[in-house]
Amino acid sequence: MKLIYLAALMLLLIGGLTRCQSEERDPCVQETITDPSYFSTARTLKNTCTKGDGADYYLAANQTYRISADLVIEPGTRIVMGDSAALIVESTASIYAIGRIDAPVEFTSDNPTAGAWQGILIQSANTRNTLQYVSIAYAGGAAIDPALPAAALGLADGSVMDLAYSQFLQSGGYGLLVQSNAANLRSLESCSFLSSAAALRIPALQTHRVSNTNTFTGNTNNYIDVRVGGTITDDLTWATQTVPYRLFKEDSSASGIQTIGGNGRLGIDRGNRLEFNDDIGFLTVDNARFFAAGTAERPIVFSGVRK
């Protein structure tokens, strides 16, 4: 009797183990989205696929998906973009993607090559727009808007965005691009710019929003491109960075002078390096002030790009 009982128990254990192994081997079926108008109604993307490569959604190659309503992306959601695919968050929409350190939101590619897909362009001024613990990998292959350089994440004029604890990896262009002073990057904290063609481009009037908690590693152009223009009239400080600020003007017809006017003040934290392209400089007018005080251990260096 004991022998029969033991044999039955062994069969149950073997059967259960076989079923578990089979379940672990079976990848779950990701949702494939081919309709470019899929995001014309409010959507919540969820992390439902925990087997295989863990991809929850696949957006088809060579499609531009226009998001015209609110989009929420939950922690752990993995979105695979086909070659040359693009996302545009239009003026009527918002994007709210907050992952966790152990469950980031991922935008990636089935072709793990820098610039495999185009990227994400924000046109929305909704103050809800937030990306935290988000990874954007292998984007920046081409400009979504022909007026802008290629970028994994682009903020067009009139847009609003809060960014923190996010990663821009192997972009074929910039990791992050802020078009001009008319775009509003409200914060940029604890983000990583890794192994991309270029790291970050931002206008001078918003450079103070780049905190000293961001990291820049292995980018071909491993510096922060600062586009001069407009007049600084507030009390602003450019935080210490591990890479240089490199100042440039948009084109040869634009002024290369960054004006500080009114009661404005621009402070440069110790340990910074500022590199100037040709015909670029600062000008203080009215009651404005320019303040740069380094130390022997952490000097502030002003240098030309062209030696």
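Reader: How much space lies in the second largest cavity?
Author: About 40 Å³. Bear in mind that this is a predicted model.

Reader: Which residues line the second largest cavity?
Author: The lining is made up of Phe39, Leu45, Leu59, Ile67, Leu71, Ile73, Ile79, Leu87 and Phe107.

Reader: And by class, what does that lining have?
Author: It has 9 nonpolar residues, with no polar and no charged ones.

Reader: How many cavities of 30 Å³ or more does the structure hold?
Author: There are 2. The largest cavity has about 70 Å³ of space.

Reader: What lines the largest cavity?
Author: Its lining consists of 13 residues, and those nearest the centre are Leu121, Ile144, Pro149, Ala151 and Gly154. Strand E10 (119-122) and strand E13 (151-155) are the elements that give two or more residues to this lining.

Reader: How many of the lining residues of the largest cavity are nonpolar, polar or charged?
Author: The lining of the largest cavity has 10 nonpolar, 2 polar and 1 charged residues.

Reader: New topic. Where does Gln30 lie?
Author: Gln30 is in the loop that runs between helix H1 (2-25) and strand E1 (31-33).

Reader: What is Gln30 in contact with, leaving aside neighbours within four places in sequence?
Author: Gln30 is in contact with Ala55, Asp56, Tyr57 and Tyr58.

Reader: What separates the C-alpha atoms of Gln30 and Tyr57?
Author: The separation is 5.2 Å, although the two residues are 27 residues apart along the chain.

Key:
Residues are numbered from 1 along each chain as its sequence is written. This is a predicted model: local features need pLDDT of at least 70, side-chain atom pairs count only at pLDDT 80 or more; totals for chains, interfaces and linings use all residues. Side-chain values use heavy atoms; hydrogens and water are left out. Helices (H or I, at least four residues) and strands (E, at least two) are DSSP runs, numbered from the N terminus. Contact means heavy atoms within 4.5 Å. On a 1 Å grid over the protein atoms alone, a cavity is a set of points where a 1.4 Å probe fits but cannot get out, and a pocket is an open set with protein on both sides within 12 Å along at least five of seven lines; lining residues have an atom within 4 Å of a point. Grid points are joined across faces, edges and corners, and a volume is the space filled by probe spheres set on the points. Ala, Val, Leu, Ile, Met, Phe, Trp, Tyr, Cys and Pro count as nonpolar, Asp, Glu, Lys and Arg as charged, and the others, Gly among them, as polar.
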